[in-house]
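Welcome! Please take a moment to turn the model around before reading on.

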Amino acid sequence: MRLKFVFILLIFISVKIQAQTVNGRVISESSGQALPFVSIIYNNHKDGISTDIDGNFSLEIAPKVEFLKFSYVGYETIFIPKEKIPQNREWIIRMKEKEFKLDEVVVFPGENPAHRIIKAVVKNRKFNNPEKLKSYAYTAYHKMIFTVDMDNPKVNKNYKPEKLPQDSISIAKRDSVLKAAKDTTLTAQEFFAKQNLFIMESVSETKFKQPDLKSEKVIMSRVSGFKQPSFVLLASQFQSFSIYEDMITLAESRYVNPIAQGSWNKYFFNIEDTSYTSSGDTVFIISFRPKKGKNFEALQGVLNINTYKYAVQSITARPVENEGVIGVEIRQNYTLVDNKYWFPKELDTKLIFNSIELPKDSLIYYMIAKGKSYLKDITINKEITRKEIGNIDFYVADKAFKQPDSLWQKYRQDSLSAKDLKTYQVLDSIGDAEHLDLKLKVFKVLAKGYIPVKFINLDLTKLMDWTVYEGFRLGIGAHTNDKLIKNISLGGYFAYGFGDDEWKYGGNLKFNIYPRRDMMLNLSYQNDLEESSGYDFLQKPGFSVTESYRWYFIKDMTYNEQYAIDFQFRPMRKVKILLNTNQSTKYNTSGWYYQDGWDAYQPEARYRFFETGMQIAYTPKERLSYIAGELMNSYGSAPSVYLNAYKGYKNQWGDFDYWKIETKILLSALTKNFGKTDIVITAGKVFGDLPYFELYNGHGSYYDFTIETANSFATMRMNEFLSDQFAALYFRQDFGSLLFKGEKFRPQIVLVTNIGIGSLARPDLQRNLAFETMEKGYYESGILLNRLFKSSGIMGIGFGAFYRYGPYALPETKNNFAYKLSFTFDW
């Protein structure tokens, strides 16, 4: 019996020894940073594994392990014989960077062997792209820290060392200054060795269903310094989830994908190494960078290609030109789900804030953000209903900020480090002392254009304005906020225009009925100005959209006293509807008058309108976010379709019976070779006879020298044309920096062509008014040289010229030109 027991024990010990594993982490010798996707080959058959996104690896020390060979692009290879492999302890492998030139010339006799592999990857893109799956779902843990990168300083080109006379007193002074500088640098290094500037964690659940239904719900979130933060930032939001599209998005900028169709004509690929998986598949480690002489938005990095389905197993990439406001580096690691679907399991993002510099003598240190996302509980092609996805793209649960530490441990990839804990401890204490939650709420209100004063929000947008017609306008406006009554706001404004010498005023009562559905009821009164013969849609362009600049140049306006009821809601995920009923009394001071049959109105006569209307916005690419009880959306997405329909009634409140139908369509495409193409189509038609200020002007924006405004006619004089039906096409081809890649002179070229056509059935009704009609078609083209000058790395200033041609060209050639300043913003 004892002999049997000893025999079993020996077998157990033997198996235990055979199954011993070595756990390690690979880092850079110079910076101490983890190296992801390092190739680790362990025998002469080239069987191997690779490190994960944190540089970690785990390997069983089995008979098939003969040695360990660590290889990584840009680093010297490390070879370790089996007898020197440590066991039963955490192992740190430090790799040393090579000294080599990335742009060295490599010549292949015939076709580059890497092209065959890349072409196979391109051929299999649709089979490996997670966005082409029927459905998927996963849970992800996200962690993001903000700190100062003390390991990778850059040379301060503006540094000029102080030249001191070489006497004993000056030498002593110099040594004292140098010692102080050294002590300061050491102090900063010691500080950032102990803690970060900021840390945030989140856990989210994502569901996707074809064709394009996707939602992400944040179930847990923690932000250092805040108890109830009204924001959530996920590292995964700064990079494309799938790397199989023709263009890759990094921090809002788009780049040509190295595995896009025809990428071998733009990128140089080189097979750096090869290994084999335990299942017998080959993994090719291929570096990529743009070919010499090729001018495009390019990336550089390393692809690990697995021959099973010729899929991307991992990728490391960064823009070749990474010197913008925010530089970015990304890594993605894929796993095989259900032994047949490649799916992301780890995402890494590094942001470099190039505009936030910390100069110290001859060196400059930059603020960075490092974010990681770890995916788990991945399910593919399971049944997911529309109800499960809901109507919101990004949603933060009400209790997300109140989860216990015990639940966090379930999702964290690893325990928080001493550095992370110190960051939370210090910033949470500062947050309590400085009331950061309250200050954040105040800042959000300010960002919307309000100053909160107890239960009142003062409206900054009402303080000052300017237009050609009204001149300078000063005013004041205020609304109650949720401190008085939640989801109900009462407010008003007064303003005075110095150009027209008139007071304007108004007020409204708004009920925010159901924020998640964007449902609200608004009762309003106003006595104010509106553009004569203008139109608008259920669209709110962002600050950087130049189309909004046209407002300042309007020189023909109509006074409007209006009572209105608006009801707004979202019946579908990407559809927004506004229903409106209003009664208006309008008059114009241009000296024009309206004559209909036997009725002749006098100049500045008042016209009454009773109208019901509906505005619809369909924005399939719009992203809706619901955070802290507030619904937010991304503006300017394309494709988009906007539709207006208005019915006017002739009764005791209105003088005219009519219909008005208007539409606006936004189309956009981004291509590898030509940059961004934008097409905007607008059209409108009036059924019935109306005064001119209810018809359509040509949507011109001409002045001798003004700011360029998109989607308007740059050479057309303001109110030069009048129509009761019209159509316009605005075409813009933005080449970005594809045509110029100089070190200093790199303007962004935009070609513009605008076409308009219209007609007016009863021009005789509009008396004492000079205008033309557009039956023959209006044509203009121009060129913009954007970002000739840059300010703070964000705003670009450029110049443009437009020319008017065709049936409505003016007799003198010089009058057909329009010259514009352009302003662009890169966030």
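Please keep in mind that the model is predicted.

Leaving aside neighbours within four places in sequence, Leu 303 is in contact with residues including Ile 118, Phe 269, Phe 288 and Val 312.

**Helix α2**

Which residues of α2 are buried? They are Ala 114, His 115, Ile 117, Ile 118, Ala 120, Val 121 and Val 122. The N-terminal end of α2 is capped by Asn 112, which has a side-chain oxygen 2.9 Å from the backbone nitrogen of Ala 114.

**Aromatic rings**

Now for the rings: the structure holds 53 aromatic pairs. One of them joins Tyr 136 and Phe 208, stacked at 4.7 Å centre to centre with 15° between the planes. Tyr 136 belongs to strand β8 (residues 135–155) and Phe 208 to strand β9, so the pair ties together parts that are 72 residues apart in sequence. Tyr 136 is buried, with a relative accessible area of 0%, and Phe 208 is buried too, at 3%.

Phe 799 and Tyr 819 form another stacked pair, with 6.3 Å between the centres and 15° between the planes. Here Phe 799 sits in strand β45 (residues 795–805) and Tyr 819 in strand β46 (residues 817–825), 20 residues apart. Phe 799 is partly exposed, with a relative accessible area of 33%, and Tyr 819 is partly exposed as well, also at 33%.

Elsewhere, ring pairs link Trp 592, Tyr 594, Tyr 607, Phe 609, Phe 656, Tyr 692 and Phe 693 into a cluster.

| Lysine | Ring | Distance from the ring centre |
|---|---|---|
| Lys 586 | Phe 609 | 5.4 Å |
| Lys 685 | Phe 687 | 5.0 Å |

**Lys 660**

Is Lys 660 buried or exposed? With a relative accessibility of 6%, Lys 660 counts as buried, because the cut-off for that is under 20%. Lys 660 lies in strand β36, residues 654–671. The side chain of Lys 660 reaches the backbone oxygen of Glu 694 at 2.9 Å. Beyond its neighbours within four places in sequence, Lys 660 is in contact with Asn 644, Ala 645, Tyr 646, Lys 685, Val 686, Leu 690, Glu 694 and Tyr 696.

**Backbone details**

A few spots along the backbone deserve a look. The peptide bond from Gln 210 to Pro 211 is cis, with omega near 10°. Pro 211 lies in the loop between β9 (198–209) and β10 (213–223).

Asp 377 has a positive phi, near 50°, and is not a glycine. Asp 377 is found in strand β19, residues 363–380, and is exposed, with a relative accessible area of 51%. His 435, also not a glycine, has a positive phi of about 55°. His 435 is found in the loop between α7 (418–434) and α8 (436–447).

Technical notes:
Residues numbered from 1 in each chain as written. Predicted model: local features only at pLDDT ≥ 70, side-chain atom pairs only at ≥ 80, totals over all residues. Heavy atoms only, no water. Helix = DSSP H or I, 4+ residues; strand = E, 2+ residues; numbered from the N terminus. Buried < 20%, exposed > 50% of the residue type's maximum accessible area, 1.4 Å probe, protein only. Polar contact = N/O pair within 3.5 Å; in protein donor to acceptor, adjacent residues only side chain to side chain. Contact = heavy atoms within 4.5 Å. Phe/Tyr/Trp six-rings, centres within 6.5 Å; stacked < 30°, edge-to-face > 60°. Lys NZ or Arg CZ within 6 Å of the ring centre and 35° of its normal.
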